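Okay, thanks for coming, everyone. Let me put the structure up, and then I'll walk you through a few places in it.

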Amino acid sequence: MEIFDQLMRELKERADDVVLTFSSEESTQIKFANNVIVNTSLEESMNVGVFVVKDKKIIVTNVRDMTLKNKGDIKKMVDKLVKYFKTIQPKEDYNGINNKKYKYKEIQDTYDPRIKNVDGVDFVGKGINAAMRTGARRTNGTFETHDVREQVLTSEGIEYSNKNTEVYFTIRSFVDEDESGHVDKASCILKDFDTEKIGKKSGEIASDAKNPVNGKRGKYDLIFSPLAFAPILNSIGESASIFSIESGLSFFSNSLNKKLGSTKVNIYDDGRLINGIGSTKADHEGVPTKKIPLLEKGVFKNYLYNYSTAKKYKAQSTGNAGLISPSPWNLIVENGNYELDEMIKGVKHGLYVTNIWYTRFSNYHTGDFSTIPRDGCFLIKNGKIKESWKGIRISENILHMLKNITKVGNNSEHLRSWEAPIPINSPSILIKNCKVTVPTK
């Protein structure tokens, strides 16, 4: 792109380090409420992300591509950025951007051209009808498609491009106000993306959640569904970023090679996950992505670095730039050996939690948090589901939970959600001896 190249030339003359990301996206969204489609939208967008550094002073901004129509527009923007350098302080521990060139391998099943032309109304209809057949009275949700192209160019002469697609469906089914089930699913490809199956599962949870009773405080063994574990897994991924460590917002401080969790748990970040909606061949500095162990048999293995932070700590970039804050691409819990029914049968006194929301930390450094079970939440007694619960809160500590993982399911799901924007791949997880509280009157 001529404008893109011209912007790089202008910035290189007046700055030390530059990274430009040009992205274009075609997206569709269908919203439905009370079983009826209420809104459909098509959006096309183009954006230029600008990361520019002069004398260790860092500016990060985004520019709508249509505002850069000619050389005059580019010069005005560069002049404005250079002027802004005078008002900000240098980041003394900044150590530059990656200067090594690599060859990149394509990632399997991250682009499906059929997604651009998919009949979303048909997909939504199948999901709603399946939920209704299993007992739901009404449904809400969205169906989305995304076709994203990205080009990255750095002042070190590194250039690469990516293209990714995504199809996403979220459906919440209701029998009554407190009787609901929620399921999310995401994929880069249409193969095996079955909204009928997703809707059926949502409706089944809602139907099973009939007549919920107020839960009781105490210690319980908790089975988290993939959707319910997603926000917890997001917190684990964010806490592994060296930026979180430096900010005092991580429960993984001083944790390298220390045993923090159960030997049952293996957690990774994988930027090259096949059919991973967060997958990319390289990070925004051009460093190839790869599979990074975070917890292996409970031992904490790696922080996530970009080039500058890796140099500061005498480490290697993990391919997670995030030019300001290194961040995960796809968070993976390695599949275990247990069927969900088998996990339930092994619980004497516990709960099956299908979704959570309002996950909030009271202390990021120690890992203390609370969250509210939402939608179907079921009491388990002697291996059998006895009743549906409402009105409870899980008040726990992430590190305590990691140590108490006793079983890992074999039912991995790939999804993102409102509470978990980082894509995850997780099965159901059984965690013993978790604290459940109820509201005080």
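Let's start with a hairpin: which residue takes a positive phi in the hairpin of E4 and E5? That's Gly 157, with phi near 80 degrees, and the hairpin has four residues between the strands. Before I go on, the housekeeping. This is a predicted model, so local features need pLDDT of at least 70 and side-chain atom pairs count only at pLDDT 80 or more, while totals for chains, interfaces and linings use all residues. Residues are numbered from 1 along each chain as its sequence is written, and side-chain values use heavy atoms, with hydrogens and water left out.

Back to E4, residues 138-154. Strands here are DSSP runs of at least two residues (E), helices are runs of at least four (H or I), and both are numbered from the N terminus. Two strands pair if DSSP finds at least two bridges between them. E4 runs antiparallel to strand E5, residues 159-176, with 16 bridges joining them, and Leu 153 stands opposite Glu 159 in E5. E4 also runs antiparallel to strand E1, residues 17-33, through 15 bridges. There, Glu 26 sits opposite Asp 147 of E4.

Is E4 enclosed or open? It's largely enclosed by the rest of the structure, because 13 of its 17 residues are buried. Buried means under 20% relative accessible area, exposed is over 50%, and partly exposed is in between (1.4 Å probe, protein chains only).

Arg 149 is partly exposed at 35%. By salt bridge I mean a side-chain nitrogen of Lys or Arg within 4 Å of a carboxyl oxygen of Asp or Glu, and the count by that rule is 18. Asp 112 and Arg 114 make another one, at 3.0 Å; Asp 112 is buried at 6%, and Arg 114 is partly exposed at 48%.

Then there's Glu 246 with Lys 312, at 2.8 Å. Glu 246 is in helix H6 (residues 242-247) and Lys 312 in helix H7, so this pair ties together parts that are 66 residues apart in sequence. Through shared partners, salt bridges join Lys 91, Asp 93, Glu 246 and Lys 312 into one network.

Okay, next sheet. This one is open, with six strands in the order E11-E10-E9-E12-E21-E20 and mixed pairing. The edge strands are E11 (299-300) and E20, each pairing on one side only. E12 and E21 (residues 420-426) pair in the parallel sense over two bridges, and Leu 331 stands opposite Ile 424 in E21.

Last stop, His 414, which is in strand E20, residues 413-417. Buried or exposed? Buried, at 7% relative accessibility. So what does its side chain reach? It gets to the backbone nitrogen of Ile 277 at 3.1 Å, and a polar atom of the His 414 side chain lies 3.0 Å from the backbone oxygen of Ile 424. For polar contacts, that's a pair of N or O atoms within 3.5 Å; within protein, one must be able to donate a hydrogen and the other to accept it, and residues adjacent in sequence count only if both atoms are side-chain atoms.

That's my tour, so over to you.
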